[in-house]
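Q: I would like to go through the pockets of this protein. Could we take them one at a time?
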Amino acid sequence: MTQNSNQLTKIWNELSNAIDQMFQGNSLSLSDYSNINKGVAKYFESFEYNDLFLKQSSNKTTTNNKQTEDSDAADPGDLEMSIPGGQMYFLLKKKLKESLQKIAKDKSDSSGEDFFGFYAKTWQSYKSISEIVNCICHHMNFHFVKNQQKLNRKDIVYIYVMAMRIWQLVFFDPLNRQVTLACLQLIKAERQNEVINTRLISGVI
């Protein structure tokens, strides 16, 4: 059995579909959560994974020489997805990034309160999705990420940290100036005795 096994493909398809469902604003059922969590655990606790990891550990020097320093800008196809667990990890990273990019691309050129509403809603939704995915993939963090960090893989971090880096790359950095301008507009409006939704500001800052 290899990393391209039916088992791994099945787990990834279930996780990918769950992420799509959450980005569409739908809740993940407890049974789906439990099934995916068990599937991830089953793979990362399997003989297949542990055998591959032991082989990788014996070839640590080669692995370290191939590590990528700036993985946020890299495509998973260009990264070392042959490492144990790497396929699922980098596919997950790509999935979160592309899903968030789609939202950023569809954003309207709104300003002020409308922009804050869009930004705050996206942030709260993405943060929640990231927390859920991090919990579902707890065993990936414990078995895969932890082991890779011991091998000095700087491009591999815990899933929630990875998700927050994606947020910064896709949303926070590109829209930071727009957030500041919108905030100043609302402050100015409040000083002119206009009624504003202060909860939007607190939800963004």
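Q: How much space lies in the second largest pocket?
A: About 210 Å³ of space lies in that pocket. The model is predicted, with local features needing pLDDT of at least 70, side-chain atom pairs counting only at pLDDT 80 or more, and totals for chains, interfaces and linings using all residues. Residues are numbered from 1 along each chain as its sequence is written, and side-chain values use heavy atoms, without hydrogens and water.

Q: What counts as a pocket, and what is its volume?
A: On a 1 Å grid over the protein atoms alone, a pocket is an open set of points where a 1.4 Å probe fits, with protein on both sides within 12 Å along at least five of seven lines; lining residues have an atom within 4 Å of a point. Points are joined across faces, edges and corners, and the volume is the space filled by probe spheres set on them.

Q: Which helix gives the most to the lining of the second largest pocket?
A: Helix 5 does, with six residues. Helix 5 (86-106) and helix 1 each supply at least two; helices are DSSP runs of H or I, at least four residues, numbered from the N terminus.

Q: How many of its lining residues are charged?
A: Five are charged, two polar and two nonpolar. Charged means Asp, Glu, Lys and Arg; nonpolar means Ala, Val, Leu, Ile, Met, Phe, Trp, Tyr, Cys and Pro; the others, Gly among them, are polar.

Q: Turning to the largest pocket, what is its volume?
A: The volume is about 280 Å³.

Q: Which residues lie nearest its centre?
A: Met22, Phe23, Gly25, Ser125 and Ile129, out of 15 lining residues. Helix 6 gives the most to this lining, with seven residues.
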